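Subject: The structure, and some notes on it

Hello,

Here is the structure for you to open alongside this email. My notes follow below it.

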Amino acid sequence: MRSAVDGLASTSASFLVASSPLQSTSAPPAFKPYTISPIKNGSRYSHLFDHTPQTAQETELMLALEESEGRDNSRKRSMVQMQASTVLAGMYSNRAQTQLQAAEERKRRKTAGNRRMGDGKAKYFSGDDFFRLCEEDEQKKKDEAVEKEKRQEDRETHAVRVAMWQEANDGIRARNAERRATFSTDVAAWEAEKTAAKATRRRPGWIKPKLAEYGIELLLPKPKKHVQDGEEDEEEDEEPQSGSDLAEE
């Protein structure tokens, strides 16, 4: 056992037996699976088992062959299971290593951003210089917090404005639907009058209704976000009704 550990210490997998903590860049040795022939349902020596033993020795040999073949199949099943487990463990190890590297990178960036001097290298400065840097850093954090709070307030205000805009447009759509229904009814009545007038060779009693006369309203434009928010609307502004909606149908 000791010799195996010593031998492993001289390979690329030495980190497995080292006392230092594991690093995300340390990868375990790659596993190379071997081809295993499928396990047959029948015996490979069926032609021998079909033979009726004539002596006690032949009977013992046949039983020994059957037992040996059973052990061989059992070992083969165990080897298949071990290889499958090793492959799955390797897949898990690769995913865990990738996630660990990403976490370490995020931590490294966060730590680098908190350094007073930026690069982390040693520098000489007086107490006043260090105090000034601390004050500037604290003021920067306060300004960022205030700006973040303001952006949050702007988002909340914008959400309220969007809700009011949606409610107003829903009302416009409902009123327009009623007016369009009235318009359709009046047009149908005019068509009937036109047919009757044509049969009696006269002009219709009134002119054909026009949609523009029914007070169809245009939809309100969607409110824009505050300029300082620095974010673009994810949803496209709803286009107002075009002039064709007011044209005669």
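Predicted model: local features only at pLDDT ≥ 70, side-chain atom pairs only at ≥ 80, totals over all residues.

Overall layout

The protein has four helices and zero strands. Along the sequence, that gives the pattern α-α-α-α. Of the 249 residues in the protein, 13% are buried.

Salt bridges

The count of salt bridges comes to eight. Lysine 141 takes part in one of them, with aspartate 137 as its partner; the closest N and O atoms of this pair are 3.5 Å apart. Both residues belong to helix H4, which covers residues 127-199. Lysine 141 and aspartate 137 are four residues apart, about one turn of that helix.

Helix H4 also holds aspartate 170 and arginine 173, three residues apart, again about one turn of the helix. Their side chains meet in a salt bridge, at 3.1 Å from N to O. Aspartate 170 is partly exposed, with a relative accessible area of 46%, and arginine 173 is partly exposed too, at 33% relative accessibility.

Another pair to look at is glutamate 193 and arginine 202, which form a salt bridge with their closest N and O atoms 2.8 Å apart. How do the two partners stand in terms of burial? Glutamate 193 is at 14% relative accessibility and therefore counts as buried, whereas arginine 202, at 40%, counts as partly exposed.

A nonpolar patch on the surface

If you turn to the surface, you can find a nonpolar patch formed by Phe31, Val87, Leu88 and Met91. Together these residues have about 380 Å² of accessible area. One of them, valine 87, is placed in helix H3, which runs over residues 56-113. Valine 87 has 38% relative accessibility, so this residue counts as partly exposed.

The largest pocket

The largest pocket has a volume of about 240 Å³. Its lining is made up of 13 residues, and those nearest its centre are Pro28, Pro29, Ala89, Gly90 and Ser93. What classes of residue make up that lining? Eight of the lining residues are nonpolar and five are polar, and there are no charged residues among them.

Is alanine 13 buried or exposed? Its relative accessibility is 3%, so alanine 13 counts as buried. Along the chain, alanine 13 and alanine 27 are 14 residues apart, and their C-alpha atoms are separated by 7.8 Å.

That is the set of notes from my side. Happy to go through any of them with you.

Best wishes

How values were computed
Residues numbered from 1 in each chain as written. Heavy atoms only, no water. Patch = residues over 30% accessible without salt bridge, like charges linked within 9 Å, V, L, I, M, F, W, Y side chains within 5 Å. Areas by Shrake-Rupley, 256 points an atom, 1.4 Å probe, with all protein chains shown as cover. Salt bridge = Lys/Arg side-chain N within 4 Å of Asp/Glu carboxyl O. Helix = DSSP H or I, 4+ residues; strand = E, 2+ residues; numbered from the N terminus. Buried < 20%, exposed > 50% of the residue type's maximum accessible area, 1.4 Å probe, protein only. 1 Å grid on protein atoms, 1.4 Å probe; cavity = no way out; pocket = protein on both sides within 12 Å on 5 of 7 lines; lining within 4 Å. Points joined across faces, edges and corners; volume = space filled by probe spheres on them. Nonpolar A, V, L, I, M, F, W, Y, C, P; charged D, E, K, R; others polar.
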